[in-house]
Amino acid sequence: MDGHCDILIIGGGMAGLSAATALEAVGQRIIVLDKGRGPGGRMAARRVEFGGAQVGFDHGAQYFTARDPAFREAVLAWEAAGVAAPWPAAGDDAWVGTPGMNACVKAMAEPLDVRWGVRAERLERTGAVWRIGAGDQSFTAATVLVAVPAEQAAVLLAGVAPDLADLAGSVASAPCWAVMAGFDAPLPIAPDTYPSDTGPISWAARNSAKPGRRGVETWVIHASPARSRELIDLPKEEVAQTLLADFFAATGAAPESPQHLDAHRWLYALPQALGGEGARFDAALRIGIAGDYLHSPRVEGAWLSGRALAQAVLQERVASTS
Ligand SMILES: Cc1cc2nc3c(=O)[nH]c(=O)nc-3n(C[C@H](O)[C@H](O)[C@H](O)COP(=O)(O)OP(=O)(O)OC[C@H]3O[C@@H](n4cnc5c(N)ncnc54)[C@H](O)[C@@H]3O)c2cc1C
């Protein structure tokens with residue numbers, strides 16, 4: 001047995017860690033499993049070396065808002081801890097993680113028992129105990145919370161929690177190809193952000209201009225859902241070149257050869273959110289789901305969903321002991 005706890009959480013992105021933080025604060029023993037090598041989920045940041053320096057790219061979420069008072073309080077605490085900062089170039093209420101987008105998730109994970117690089121593959125319930133299989137590792141818990149993208153949750157839950165599996169399975173997420181490009185000199189593009197509702201590029205940003213970043217000129221370019229679908233199965237090298245050309249055409253800047261060029265495919269980038277109560281907990285089976293798709297397809301929505309699931313678990317605990 002590789003771990004026993006009160007509540008096992010599958011998925012250590014913003015939603016899973018928001019739930020974990022709230023539940024550990026009231027004394028629950030929590031283990032979080034995440035298949036990623038490090039913190040971030042869709043708030044990922046990648047470090048690469050070129051031009052003689054380490055350079056970071058935020059290739060997932062670009063910035064986040066903090067409109068809900070409770071989330072705002074959490075963001076202000078991250079700001080005080082030096083892991084978040086406002087980014088006025090993206091809007092009056094835009095925030096980013098510092099020095100990379102994953103910094104807030106990393107800070108949330110630090111006090112928790114998070115097992116990185118562990119992919120949950122099988123769920124089984126025997127009596128009142130959940131057994132979670134992950135490769136050759138095995139965990140047991142009284143309660144399981146699944147905080148992974150909807151399509152992946154549907155696969156994990158099929159057969160053990162059909163209602164939750166159906167709900168997650170009803171969500172369709174749009175893909176997004178993200179290009180990371182580094183240049184040895186600044187591009188002649190004045191604004192640091194290029195949002196667009198039309199054409200093949202939905203967003204581009206001068207990553208090196210975000211607060212807390214240093215070094216050479218870097219850009220992150222996101223393809224629109226339609227363009228991402230067109231290119232979905234092409235090799236990433238070809239996609240990177242195609243979208244870089246789209247980017248120069250869209251901005252009108254003269255094409256430049258990048259010193260560094262890479263692309264990442266997010267298959268489940270942005271869900272059509274279901275809304276509603278923000279999370280679901282099946283008290284009889286002691287299994288629940290959280291994620292941006294249950295609230296709103298944003299960082300803030302993921303945090304609020306995780307917190308809603310923690311509240312549902314705690315309310316049930318109070319109800320069953322009173
Ligand atoms: C390209 C892109 C651009 C975006 N832009 C913005 C933006 O500008 N502003 C904004 O607010 N939001 C943006 N978003 C959305 C935002 O990133 C998400 O809403 C939010 O991060 C979702 O958090 P989550 O915890 O629900 O899911 P995730 O971040 O996806 O976390 C799920 C975690 O589960 C793990 N996992 C999955 N399956 C398993 C398994 N079987 N076992 C163990 N672990 C597993 C994954 O490794 C991951 O860490 C963007 C997303 C993308 C991809």
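How do the residues of the shell around the ligand divide into nonpolar, polar and charged? They divide into 21 nonpolar, 12 polar and six charged. Here Ala, Val, Leu, Ile, Met, Phe, Trp, Tyr, Cys and Pro count as nonpolar, Asp, Glu, Lys and Arg as charged, and the others, Gly among them, as polar.

Please keep in mind that this is a predicted model, in which local features need pLDDT of at least 70 and side-chain atom pairs count only at pLDDT 80 or more, while totals for chains, interfaces and linings use all residues. Residues are numbered from 1 along each chain as its sequence is written.

**The whole protein**

- The protein has eight helices and 17 strands; helices (H or I, at least four residues) and strands (E, at least two) are DSSP runs, numbered from the N terminus.
- A compact globule of 322 residues would have a radius of gyration near 20 Å, and the protein agrees with its 20 Å. This radius is taken over C-alpha atoms, and the globule rule is 2.2 Å times the number of residues to the power 0.38.
- Along the principal axes, the C-alpha trace spans about 65 × 40 × 35 Å.
- Buried residues make up 46% of the 322 residues. A residue is buried if 20 or more other C-beta atoms lie within 10 Å of its own, exposed if 12 or fewer, and partly exposed in between, with C-beta atoms placed from the backbone.
- Among contacts with a separation of 6 or more, 66% are between residues 24 or more positions apart; two residues are in contact if their C-beta atoms, placed from the backbone, lie within 7 Å.

**Two domains**

- The domain assignment gives domain 1 (3–42 + 104–170 + 273–321) and domain 2 (45–101 + 173–271), with bounds that come from an automatic or database domain assignment.
- The C-alpha centres of domain 1 and domain 2 lie 28 Å apart.
- Their contact takes 17 residues from domain 1 and 22 residues from domain 2.
- On the side of domain 1 that touches domain 2, the elements giving two or more residues are helix H3 (103–109), H4 and helix H8 (299–321). H8 gives the most to this side, with five residues.
- The residues of that side of domain 1 divide into 10 nonpolar, one polar and six charged.

**Around the ligand**

- Both domain 1 and domain 2 give residues to the shell around the ligand, so the ligand lies between them.
- Of the 39 residues around the ligand, Gly11, Gly13, Gly41, Arg42 and Arg298 come nearest; a residue is near a molecule or strand if its C-beta atom, placed from the backbone, lies within 6 Å of it.
- Elements that each supply at least two residues of the shell include helix H1 (14–24), H4 and H8.

**Helix H4**

- Six of the eight residues of helix H4 (residues 150–157) are buried, so H4 is largely enclosed by the rest of the structure.
- Those buried residues are Ala150, Gln152, Ala153, Ala154, Leu156 and Leu157.
- After H4 comes Gly159, with a positive phi near 90 degrees.

**A hairpin and a loop**

- Strand S3 (residues 46–50) and strand S4 (residues 53–57) pair in the antiparallel sense over five bridges; strands pair if DSSP finds at least two bridges between them.
- Arg46 stands opposite Phe57 in S4.
- The hairpin of S3 and S4 has two residues between the strands, and Gly51 takes a positive phi near 60 degrees there.
- Glu277 is found in the loop between S15 and strand S16 (280–282), and Glu277 is partly exposed, with 14 other C-beta atoms within 10 Å.
- Glu277 and Ser305 are 28 residues apart in sequence and 8.3 Å apart in space, C-alpha to C-alpha.
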